[in-house]
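Please look over the model below before reading on.

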Amino acid sequence: QVQLVESGGGLVQLGGSLRLSCAASGSCFNINVMGWFRQPPGKLREFVANKSNGGTISYADSVKGRFTISRDNTKNTVYLQMDSLKPEDTAVYYCFAFTRVTNWGQGTQVTVSS
């Protein structure tokens, strides 16, 4: 079992930046991939980015060139640096860690005002 706690969400203006953090605890040695999904208001949860233990990174097309994912394996933490934010990035952002199952954080709200 892995527990995930996100932080760093908030309100930011168009073009601004935020950095999300997600710290894992518990059976972290089983983690293969860590990353982020988001759920915009009234929409389904959607993939944002992930990074594997081997360093492979994937991004959704909508965030490529604006968001950067990184991991600190010594701290069992994944980060999401979000730059050039747009109102359509407004969502609840969920951290995940894949072991044999997908473990989810509680979510952190990101709101981008125009």
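This is a predicted model: local features need pLDDT of at least 70, side-chain atom pairs count only at pLDDT 80 or more; totals for chains, interfaces and linings use all residues.

Thr77 belongs to strand β8, which covers residues 77–82, and its side chain reaches the backbone oxygen of Lys75 at 2.9 Å.

When neighbours within four places in sequence are left aside, the residues in contact with Thr77 are Cys22, Ala23, Ser70, Arg71 and Asp72. Among them is Cys22, a residue that also takes part in a disulfide.

## The disulfide

A disulfide is a covalent bond between the sulfur atoms of two cysteines. The structure holds one such link, and it joins Cys22 to Cys95 with a distance of 2.0 Å from S to S. The pair connects distant parts of the chain, for Cys22 sits in strand β3 (residues 18–26) and Cys95 in strand β9 (residues 91–98), 73 residues apart. The angle about the S-S bond is -75°, and the link of Cys22 and Cys95 is left-handed.

Cys22 has a relative accessibility of 0% and so counts as buried, and Cys95, at 0% relative accessibility, counts as buried as well.

Which cysteine sulfur is nearest to Cys28, a residue in no disulfide? It is the sulfur of Cys22, which lies 9.7 Å away from that of Cys28, whereas a disulfide would require the two sulfur atoms to be within 2.5 Å. Cys28 also counts as buried, because its relative accessibility is 13% and the cut-off for buried is under 20%.

Technical notes. Residues are numbered from 1 along each chain as its sequence is written. Side-chain values use heavy atoms; hydrogens and water are left out. Helices (H or I, at least four residues) and strands (E, at least two) are DSSP runs, numbered from the N terminus. Buried means under 20% relative accessible area, exposed over 50%, partly exposed in between (1.4 Å probe, protein chains only). A polar contact is a pair of N or O atoms within 3.5 Å; within protein, one must be able to donate a hydrogen and the other to accept it, and residues adjacent in sequence count only if both atoms are side-chain atoms. Contact means heavy atoms within 4.5 Å.
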